[in-house]
Amino acid sequence: MWSSNDDDVISWDTDLLKEGVQAPQVFLVSNFELRRNNVHHLHVTLERELPEHKRDALLFSLANMSLEIIEKKKEAFKLKSGLGCGAAPSLKPERIVSHWEIASVNTSLAYYCSSLTGASDSSMSSVYAYVIMADFLDIKEIKEALQNNNQALAVDKIKKLLKKAANTPLNIGITGESGSGKSSFVNAFRGVDHRDDQAAPTGVVETTTEVRAYPHPSYPNVTLWDLPGIGTTRFPADQYLKHVGFERFDFFIIISDTRFRENDVKLAKEIQKMGKKFYFVRSKVDNDLQNAQRSQRNFDAEQTLALIRENCKEGLLKEGVQAPQVFLLSNFELQRHDFHCLHATLERELPEHKRDALLFAMPNMSLEIIEKKKEAFKSKIPYYAFVSAACAAVPLPGLSVAVDGALIVGVVQQYKTGFALDGPSLQRLADSTGVPLEDLTSVVRSPLSLNTINETFILKLLLQSAAVAGLMLAEEGLKFIPLFGTLVASTLSYKVTEKALLDFLHMLAEDAQNVFKRALRGMNSSV
């Protein structure tokens, strides 16, 4: 390439040929007036010969030296806005949008968004996540909708997916010998005091005579079934599974308060034959520990528990149960002993789509459980932010704010329920632990936990953050700028929703941790 003034036009073709350069391409350029001479031809040649995925990088780096260049940039922007505003690029059905396509979103747009949000270039890559939602949502129908330029269908599919996940049924059968503590386990798992109206009846004699469902008070899709005691004259072992309708259950928990007997083993083998999972729970170990402490001179709680566990396993092995898993529990103190091991086992062995249903229904018996809930909620935030970004692409005044408000209200309410920070859950915790409700609420710091969640309240909290308020204002104004403005508005809407939900999730998780610690402290002081 030769750089010269206009009066220095010299043909170099002949000299280059003499030097052995085959078919040389020479372009005449003035560095002070790029729009003149051969820069246009140079760009056309580079555009033609560069690999396809690098052409936009060249185009956006070019100065606006002609109307043609500006028009080409416009068309490239148009393609990118199709990604962000509902018109996905024309893709072959088998092709999935890939991560490098985020990088090809033009550099100019990244700089512009950065100036609005104060974010760095690296952090802005997360803002563009919604334009390739199909890349990390392993959901075939959503991918197809985006690939077919059908944003409305994609949003609808995402909403249905979230609703389906929230309503995934989980049915747990609780069985065992009569009087083994089945009903107490049902109540403890659901966080319900045995004196509560929703509690399964308990007593020293067999109180369960029929199959009875006890939905979780906050998650009615999760049901614990209190099954009649196996081995009673009313329910002989050989008819038991048919009587209780075993097909409905995802897994069984077989409970014994002493050693596991012949009927327990028969039941386990029948369950195994039918392809279901079962877990042995040795209940009332708190009673065993108290008895051992009274009768032993050198009492050791861990040794006592290990002996109980080994005795249970040996008995089951003698009866032909292979590799039995036995979990030691106290129904009145679930946070102690093996309940966390039981949860970890269930989490590992349940189908993936049912794990969250189990997790959110679990009582907050440890900081680890609370952290797992937080991570599970966090993983769903991109879905909600994508729906928010899609609605921001519609140029109607106030639409995005209205949608975001309603969406965030619904999600925050899910957080409160999952962390057991809603009023009824806190009252049940107070009843079951004996810690006054006022003491539990005294450690709550976030205004979200103790106030009614509605759109007005959420909007007030959002506007308290100058950064979020600025993003919301910019979003509303930009959406009316054709093409470019709509893309940026969608990007900002994604960021507003993402930031708000992350902030609110962190607040509520911290409150849940504080409430757990206060409840635990109160329970320990009463022992």
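**Aromatic cluster and buried core**

Tyr219, Phe360, Phe377, Tyr415 and Phe419 form one aromatic cluster. The model is predicted.

Colleague: How many aromatic pairs does a search of the whole structure find?

Modeller: The search covers the whole structure. Rings pair if their centres lie within 6.5 Å. The number of aromatic pairs is 12.

Colleague: Is the pair of Phe360 and Phe377 stacked or edge-to-face?

Modeller: The ring centres of Phe360 and Phe377 are 4.4 Å apart. Their planes meet at 20°. Planes under 30 degrees apart count as stacked. So the pair of Phe360 and Phe377 is stacked.

Colleague: Which helices hold Phe360 and Phe377, and how many residues apart in sequence are the parts they tie together?

Modeller: Phe360 sits in helix α17, residues 352-361. Phe377 sits in helix α18, residues 367-378. Both Phe360 and Phe377 are buried. The pair therefore ties together parts whose separation in sequence is 17 residues.

Colleague: What kind of pair do Phe377 and Phe419 make?

Modeller: Their ring centres are 5.6 Å apart, with the planes at 65°. Planes over 60 degrees apart count as edge-to-face. Both Phe377 and Phe419 are buried. So the Phe377 and Phe419 pair is edge-to-face.

Colleague: How many residues apart in sequence are the parts tied together by Phe377 and Phe419?

Modeller: Phe377 belongs to helix α18. Phe419 lies in the loop between α20 (399-418) and α21 (423-433). The pair therefore links parts separated in sequence by 42 residues.

Colleague: Where do the buried residues of helix α16 sit around the axis?

Modeller: In α16, residues 339-349, the buried residues are Phe339, Leu342, His343, Thr345 and Leu346. They cover an arc of only 160° around the axis. That puts them on the same side of α16.

Colleague: What do the buried residues of α16 pack against?

Modeller: Helices and strands both take part. The strands are β6 (251-256), β7 (277-282) and β8 (326-328). The helices are α11 (182-189), α17 and α18.

Colleague: Which residues in β5 and β6 partner Gly173 of β3?

Modeller: β3 runs parallel to β5 (residues 222-226), with 5 bridges joining the two. β3 also runs parallel to β6, again with 5 bridges. In β5, Gly173 stands opposite Trp225. In β6, its bridge partner is Phe252.

Colleague: Which residue lies over the face of Trp225?

Modeller: Trp225 is the β5 residue opposite Gly173. Another residue lies over its face, at 4.5 Å from the ring centre. That residue is Arg248.

Colleague: Is Val326 buried or exposed?

Modeller: Val326 lies in strand β8. Its contacts beyond four places in sequence include Phe260, Phe280 and Leu316. Buried means under 20% relative accessible area. At 6% relative accessibility, Val326 is therefore buried.

Colleague: What share of the residues in the protein is buried?

Modeller: The secondary structure comes to 26 helices and 8 strands. The protein has 527 residues. The buried share is 47%.

Technical notes:
Residues are numbered from 1 along each chain as its sequence is written. This is a predicted model: local features need pLDDT of at least 70, side-chain atom pairs count only at pLDDT 80 or more; totals for chains, interfaces and linings use all residues. Side-chain values use heavy atoms; hydrogens and water are left out. Rings of Phe, Tyr and Trp (its six-membered ring) pair if their centres lie within 6.5 Å; planes under 30 degrees apart count as stacked, over 60 as edge-to-face and the rest as tilted. Helices (H or I, at least four residues) and strands (E, at least two) are DSSP runs, numbered from the N terminus. Buried means under 20% relative accessible area, exposed over 50%, partly exposed in between (1.4 Å probe, protein chains only). A charge sits over a ring if NZ of Lys or CZ of Arg is within 6 Å of the ring centre and within 35 degrees of the ring normal. The arc is that of the directions from the helix axis to the C-beta atoms. Contact means heavy atoms within 4.5 Å. Two strands pair if DSSP finds at least two bridges between them.
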